[in-house]
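Colleague: Could you take me through how this chain is put together? I would like to follow the packing of its helices and strands.

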Amino acid sequence: WKRCVDMNDRQLRFVVDGLGGKANGTPREDGYDITVASEIMAVFCLASDMEDLKNRLARIIIGYTYDGKPVTAGQLKAQGAMAALLKDAFKPNLVQTLEGTPAFVHGGPFANIAHGCNSIIATKMALKLADYVVTEAGFGADLGAEKFLDIKCRMADIRPDAVVIVATIRALKYNGGVKKEDLNQENLDALKKGLPNLLKHVENITEKYGIPAVVAINQFPTDTERELALVQEECNRLGVNAVLSEVWAKGGEGGLELAKEVVRIIEEGKNNFKPIYDLDM
């Protein structure tokens, strides 16, 4: 097992340790992972309580015997000590935005190697404390959202009421072949070529998962009216509204229209959510 540090230092990904003689261990190649890339981070975020956390930690495979049989943390009776180290970290961390909106920042395994969502207990606590809870599933609707809907929602026994798919004009033009240095210029042709990427995400959420959705266009100063209108028009063809978000410039006020659209589609109640695959395949 690699060690973990809570900072990104590529120089530590591959190291040689155990140098300095017998008292300092056996020389070997080793390395460090960042915390969000560790298996414990994923286990931590899927646990429903401390007992569940211990059970999940106990099932972690830490190595293999000479005849190829897996060795778990539970066989080493290490799960209690591991859980003790995590007992304070396991409590959801309450912070606030610049405008005083409460938020839990608690856990976050990478979506490309794990499930890309915050902790189940933070989400459930938020649901007890607020009328509306917004949670982020990282790395796009085809990765983070998919794992949120198929893994986290199942394990937490929760049901999303709506999905906000965030897009930018710049990213869509980049998908359409525009070079990075030219993204500030209006280019409707490239935007049309890049739009199928966004529309496929929308289609997956609304048709495959059956959840109402809204597209939030994270607006940049260089976006033109014609570009914005094109995205809104194409989203409307799929029965989904695309709403401008100017939160980066105006704070909460810049997200009011988006919030109203989220509330509207939730109150319409057209939700037929179901995971995309069955566990008994």
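This is a predicted model: local features need pLDDT of at least 70, side-chain atom pairs count only at pLDDT 80 or more; totals for chains, interfaces and linings use all residues.

Colleague: How far apart do the C-alpha centres of domain 1 and domain 2 lie?

Modeller: The protein chain is divided into domain 1 (3–86) and domain 2 (159–280), with bounds that come from an automatic or database domain assignment. Between the C-alpha centres of domain 1 and domain 2, the separation is 39 Å.

Colleague: Are α1 and α2 roughly parallel or roughly antiparallel to each other?

Modeller: Helices here are DSSP runs of H or I with at least four residues, strands are E runs of at least two, and both are numbered from the N terminus. Axes are lines fitted to C-alpha atoms, for helices over the stretch in contact, and angles run from 0 to 180 degrees between N-to-C directions. Helix α1 (residues 39–46) packs on α2 at about 150 degrees, with the axes 9 Å apart. Angles under 35 degrees count as roughly parallel, over 145 as roughly antiparallel, 65 to 115 as roughly perpendicular and the rest as oblique, so α1 and α2 are roughly antiparallel.

Colleague: How many charged residues does the contact of α1 with α2 have?

Modeller: Contact means heavy atoms within 4.5 Å, and by that rule I40, V43, F44 and L46 in α1 meet D52, L53, R56 and L57 in α2. Asp, Glu, Lys and Arg count as charged, Ala, Val, Leu, Ile, Met, Phe, Trp, Tyr, Cys and Pro as nonpolar, and the others, Gly among them, as polar. The contact of α1 with α2 has six nonpolar residues, no polar ones and, as charged residues, two.

Colleague: At roughly what angle do the axes of α2 and α3 cross?

Modeller: The axes of helix α2 (residues 50–58) and helix α3 (residues 79–86) come within 9 Å, and they cross at roughly 130 degrees. That value makes α2 oblique to α3. In this packing, M50, L53, K54, L57 and A58 in α2 meet Q79, M82, A83 and L86 in α3. The angle you asked for is roughly 130 degrees.

Colleague: Which residue in the hairpin of β5 and β6 takes a positive phi?

Modeller: Strands β5 (residues 61–64) and β6 (residues 70–72) run antiparallel, joined by three bridges; two strands pair if DSSP finds at least two bridges between them. Y64 stands opposite P70 in β6. Five residues lie between the strands of the hairpin, and the positive phi, near 85 degrees, belongs to G68.

Colleague: What is the bridge partner of N218 in β11?

Modeller: Strand β10 (residues 213–218) pairs with β11 in the parallel sense over four bridges. In β11, the partner of N218 is S245.

How values were computed. Residues are numbered from 1 along each chain as its sequence is written. Side-chain values use heavy atoms; hydrogens and water are left out.
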